[in-house]
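Open the model in your viewer and keep the sequence panel beside it. We will go stop by stop, selecting one piece at a time.

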Amino acid sequence: MSRARADEEEYWHSSKFRAFTFDDEEDELSQLKESKRAVNSLRDIVDDDDDDLERVSWSGEPVGSISWSIKETASSSTGSLDGRDSGLQRGSSSCAALPKQASSYSLSSLFKGRNKLPSFQSLSDALSDTGVKNYAPELRRPKAEYKDYSNDWSPRDTVRRMQRGKVCSLERFRSLQDKLVLLDEAVAGHDGNVITALTHLCISLSPVEILFRELEVRQVALCHLIHFLKEAGEQKFLLDLLRFLDRTEEVALSQYREHLNIQDVEKRREFLKGCIGLPFSAEDTSHIQDHYTLLERQIIIEANDRHLESSGQSEIFRKYPRKASILNMPLVTTLFYSCFYHYTEAEGTFSSPSNLKKTFKIPDKQYVLTALAARAKLRAWDDVDALFTTKNWLGYTKKKAPIGFHRVVEILQRNNAPVQVLQEYVRLVEDVETRLNLATKYKCHDVVIETYRDLKDRIQLMAYKCKVERGSADEEKINSILNNVVRNAH
Amino acid sequence: MAAHLSSGRVNLTALREAGRRELREFLDKCAGSKAIVWDEYLTGPFGLIAQYSLLKEHEVEKMFTLKPGRLPQADVKNVIFFVRPRLELMDIIADNVLREDRGRSPQRDFHILFVPRRSLLCEQWLKEQGVLGSFIHREQYSLDLIPFDGDLLSMEAESAFKECYLESDQTSLYHAAKGLMTLQALYGTIPQIFGKGECARHVANMMIRMKREFPGSQNSIFPVFDTLLLLDRNVDLLTPLATQLTYEGLIDEIYGIQNTYVKLPPEKFAPKKQGEGGKDLPTEPKKLQLNSAEELYAEIRDKNFNAVGSVLSKKAKIISAAFEERHHAKTVGEIKQFVSQLPHMQAARSSLANHTSIAELIKDITTSEDFFDNLTVEQEFMSGIDTDKVNNYIEDCIAQKHPLIKILRLVCLQSVCNSGLKQKVLDHYKREILQTYGYEHLLTLNNLEKAGLLKPQTSGRNNYPTIRKTLRLWMDDVNEQNPNDISYVYSGYAPLSVRLAQLLARPGWRSIEEVLKMLPGPHFEERQQVPTGLQKKRQHGENRVTLVFFLGGVTYAEIAALRFLSQMEDGGTEYVIATTKLINGTSWIKSLMEKLEPAPF
């Protein structure tokens with residue numbers, strides 16, 4: 001936050017923005033309380049009938065709704081089921097059981113008969129049976145639909161029938177050209193279901209290159225196919241297609257995406273290495289490079305630290321056992337880890353914070369924030385102090401924080417730093433208003449008192465007296481200042 | 001039970017009734033007792049069409065959720081799968097069917113009902129698994145537009161935006177057009193179609209084509225809708241990114257409303273009965289249905305949250321007073337009168353109790369420092385302040401590792417409010433996000449860029465200020481308690497999409513040609529012929545009815561803004577809203593994120 005608190009305050013009061021608060025004129029909280037009170041007082045009158053009133057099960061689902069009934073009817077059929085099946089009864093939890101990953105269908109298995117006729121016919125088999133009816137509120141249907149099964153539908157009629165899920169035979173459309181005519185009809189009809197199906201029909205029959213060329217001039221069909229290939233996880237086919245189309249950046253991203261499916265870290269690292277040369281944009285290339293380097297580092301650090309931890313030689317690992325491995329963690333998390341376990345290491349080691357900072361060009365601000373959080377967590381206050389101490393060439397020391405001392409205070413406070421430590425940094429907050437706020441909030445009495453003293457604000461100082469403990473050193477300090485001022489005034 | 005659907009200007013019960021009729025027809029085809037196996041995603045939307053009682057009347061005895069393994073041993077004649085046409089679901093079905101005990105007698109018959117469409121690929125897949133022949137009926141149930149409330153329809157197509165704008169797969173638009181044809185079959189041809197955006201153009205084309213191809217669809221129903229307005233979500237990418245500040249909008253932002261239901265933390269709803277002090281607190285979330293059937297909710301849902309407290313306290317006083325009446329009831333007649341009113345009063349009391357609790361839950365959040373800071377930044381961006389440099393608050397949030405979606409919402413908002421970010425600023429955000437949340441999010445950032453939500457400023461020109469000023473998107477003097485402008489729904493920002501609808505009604509889009517050209521996609525007008533006998537003779541002072549269809553999703557705050565316009569005294573137009581999906585910034589961004597494998601530990 002660069003705007004100092006005082007500025008902000010003024011900004012808000014003078015600004016045209018409306019803050020979203022409740023306490024404008026009437027206190028709405030009290031209004032809520034009021035209605036709450038009213039509601040509660042009414043309970044005694046009507047409580048008994050409560051349950052009859054709303055026929056709602058505790059979960060709030062009205063009795064009789066579909067999802068409620070699934071649970072009900074399911075549990076009533078438990079009876080003689082064995083343990084494995086009883087999992088079925090927990091209706092609501094079942095969605096966890098559905099496979100979430102992209103399915104592993106291969107196109108070749110979907111269309112086994114590639115380059116053979118049977119598969120081609122099988123699609124029409126799928127269509128050509130049983131009572132098919134479109135369950136939609138009735139629209140009057142075109143006459144064509146009332147005709148009986150026929151073998152010589154025009155491409156247009158065929159596609160229309162497919163759109164409506166009607167019986168139709170595709171046997172007439174043998175050549176790729178025929179099928180492309182169908183496809184064009186489907187595209188004109190905009191029905192994605194039919195477009196995707198027909199695109200597949202084409203795949204099943206033609207050499208890939210020819211098909212790609214035909215699809216290139218049929219952008220809509222192409223998009224549908226690419227979408228399908230992505231959903232179905234047909235990586236190889238997808239990449240071939242994108243390469244053919246010269247969509248190099250998409251190829252790169254698609255390929256990079258695959259690393260997510262590789263669980264083994266060594267293999268993942270190798271894979272990422274291969275990604276570096278892919279045609280990403282310049283900016284992205286550097287990110288991919290970093291991703292690879294980071295994982296490489298993590299593997300080294302992990303092996304080393306696991307050994308250290310299990311051998312029990314290192315005190316820090318004994319005292320703070322690791323909660324999880326560092327593999328595949330984000331960079332900033334890795335930096336935190338390194339600041340936590342490897343803070344004092346020389347820059348030469350891979351696990352040292354300064355090495356990470358240098359390798360990944362981590363900005364000062366981010367570095368300081370992370371190091372501060374890690375060292376504060378370990379309550380290593382000397383390290384915290386050192387983080388902000390700079391020496392000039394004359395040997396004088398100076399305190400400096402690239403993130404602003406108010407942020408330092410917040411982070412320390414979050415890590416339960418003792419008042420003595422907090423105080424030191426609150427004192428360094430430059431803006432008086434912010435300093436006072438923080439000092440008051442975190443009970444750094446010394447700082448408050450000194451600030452009021454410097455401001456020569458007697459009234460505030462007196463008011464503050466009631467906030468410090470009676471008979472404490474703080475109270476004494478206030479008294480002595482007040483007396484001093486009085487004396488000086490005379 | 002569905003009274004709230006008929007409360008609006010257009011009676012949507014008819015649509016629901018049509019859906020129920022088709023469902024009954026299908027069920028009756030499979031004669032004998034039945035079990036339904038549900039794709040769980042569908043139970044919510046179906047619940048808005050029918051209750052279990054309807055299914056039961058048609059011999060549905062058991063219901064299960066779809067999962068791999070053996071089907072439960074229900075003693076029924078038919079097993080019907082209600083599923084979306086997805087390959088991974090076909091796998092489960094095939095598994096179920098293959099494991100069916102062939103020896104059992106009598107054998108059970110299998111059927112599939114695809115929602116909303118049969119899929120050739122899915123059937124092909126079942127065939128490859130060798131089970132296609134096991135199904136006697138394979139049909140489709142076109143659940144395109146589902147009535148959510150008296151003025152609200154949704155397709156609940158989760159990935160519609162992603163498919164349209166990222167994958168260029170327009171299947172959902174086809175379904176939208178289908179849904180509109182169904183609506184016209186029930187409510188008459190809509191004489192005027194306006195639209196803005198590529199997808200809008202596309203849907204209008206499909207409608208016109210479908211009408212041409214169904215010459216029989218020239219129906220003889222008196223048109224209920226005067227105008228259809230088709231709006232692409234990508235014409236207004238800004239609105240969903242901002243935090244909604246209406247009551248319903250905030251409930252959705254914080255807890256997520258699914259198919260009109262919300263699940264809330266149970267603590268505040270603990271029944272406080274006397275003499276049961278030691279009773280355990282419920283641990284299951286409290287589930288509530290939210291729609292206009294509940295009088296109080298209908299009154300407060302579209303208000304700015306800051307105006308909700310006073311309504312609740314006023315209601316409390318009224319109800320208290322009503323209950324006090326019992327002391328004055330002296331005669332038998334008076335007592336009888338009082339007692340007859342009790343059920344209504346009790347319903348009102350329990351409704352008030354629920355909403356007081358919800359308001360308290362929300363207030364805990366809206367009064368938090370972080371909510372305030374976040375809102376401040378949003379409002380700065382929307383009013384055009386400091387949109388061209390790295391924002392300190394966003395940086396702080398990244399440093400503190402706030403949820404990634406929150407960061408993405410803010411960065412995208414800044415990008416949209418600046419017609420794209422300066423390359424340097426964009427690179428900076430990207431680097432910080434990747435370093436803090438993981439490099440794999442590069443894929444998500446790429447998706448957002450492709451969708452136009454996060455992009456470099458290419459033209460070197462920022463159009464947003466012009467758009468903001470012309471459309472009056474930022475209003476300084478917003479009145480949250482007694483609003484006089486739609487900007488109250490975001491406490492200052494007037495949703496662009498709704499402004500377009502408002503300006504279309506009066507004075508017409510011709511007045512904003514320049515701005516329309518700055519927004520993506522074509523704008524257009526089409527007319528559909530209505531036979532002279534069916535042309536409307538408008539009574540003096542009668543409002544026009546406009547159907548606004550949001551392609552790619554709509555937020556509750558936008559709905560609130562349209563309802564506000566409907567209720568304006570001299571507004572002259574009432575709105576019915578349709579959409580592919582009810583969204584908020586979080587669910588929307590989530591739908592665009594690359595699905596990453598969960599961390600291996």
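Two strands pair if DSSP finds at least two bridges between them. Keep that rule in mind, and remember that this is a predicted model.

**Stop 1: a sheet in chain B**

Select β10, β11 and β12 of chain B. They form an open sheet of 3 strands, in the order β10-β11-β12, with antiparallel pairing. Which strands are at the edges? They are β10 (257-258) and β12 (286-289) of chain B, and each pairs on one side only. Now zoom in on β10(B) and β11(B), residues 261-264. These strands run antiparallel and are joined by 2 bridges. Click B:Q258. Opposite this residue, in β11(B), stands B:Y261. Strands of a sheet pair through backbone hydrogen bonds, either parallel or antiparallel.

**Stop 2: a parallel pair**

Next, select β1 (34-38) and β2 (60-65) of chain B. Here the pairing is parallel, with 5 bridges joining β1(B) to β2(B). Which residue of β2(B) is the bridge partner of B:V37? Look for B:F64. β2(B) is mostly covered, as 5 of its 6 residues are buried.

**Stop 3: one loop residue**

Step along to B:D39. This residue lies in the loop between β1 and α2 (40-47) of chain B. Is B:D39 buried or exposed? Its relative accessibility is 2%, and buried means under 20%, so B:D39 counts as buried. Show its contacts, leaving out residues up to four places away in sequence. B:D39 touches B:L66, B:F82, B:V83, B:R84 and B:L89.

**Stop 4: a strand with two partners**

Select β14 of chain B, residues 544-551. Of its 8 residues, 7 are buried, so β14(B) is largely enclosed by the rest of the structure. β9(B) pairs with β14(B) in the parallel sense over 6 bridges. B:L229 stands opposite B:V548 in β14(B).

**Stop 5: a covered helix**

Select α17 of chain B, residues 442-450. This helix is mostly covered, with 7 of its 9 residues buried. The buried ones are B:L442, B:L443, B:T444, B:L445, B:N446, B:N447 and B:L448. What do the buried residues of α17(B) pack against? In chain A they meet α14 (248-257) and α16 (282-311). In chain B they meet α15 (404-416), α16 (423-437) and α22 (585-592). Go just past the end of α17(B) to B:G452, which takes a positive phi of about 85 degrees.

**Stop 6: across to chain A**

Colour chain A by secondary structure. It has 27 helices and 3 strands. Of its 490 residues, 49% are buried.

Now select α9 (176-189) and α11 (208-216) of chain A. The two helices pack at an angle of about 30 degrees, with their axes 12 Å apart. Angles under 35 degrees count as roughly parallel, so α9(A) and α11(A) are roughly parallel to each other. α9(A) passes α11(A) in a right-handed crossing.

Finish with the side chains. A:L176, A:Q177, A:L180 and A:L183 in α9(A) meet A:I210, A:E214 and A:L215 in α11(A). The residues of this contact divide into 5 nonpolar, 1 polar and 1 charged. An α-helix has 3.6 residues a turn, so residues three or four places apart point the same way.

Note on methods. Residues numbered from 1 in each chain as written. Chains lettered and ligands numbered in written order. Predicted model: local features only at pLDDT ≥ 70, side-chain atom pairs only at ≥ 80, totals over all residues. Heavy atoms only, no water. Axes fitted to C-alpha atoms, helices over the stretch in contact; angles between N-to-C directions. Helix = DSSP H or I, 4+ residues; strand = E, 2+ residues; numbered from the N terminus. Parallel < 35°, antiparallel > 145°, perpendicular 65-115°, else oblique. Left-handed = near helix turned anticlockwise from the far one by under 90°. Contact = heavy atoms within 4.5 Å. Nonpolar A, V, L, I, M, F, W, Y, C, P; charged D, E, K, R; others polar. Buried < 20%, exposed > 50% of the residue type's maximum accessible area, 1.4 Å probe, protein only.
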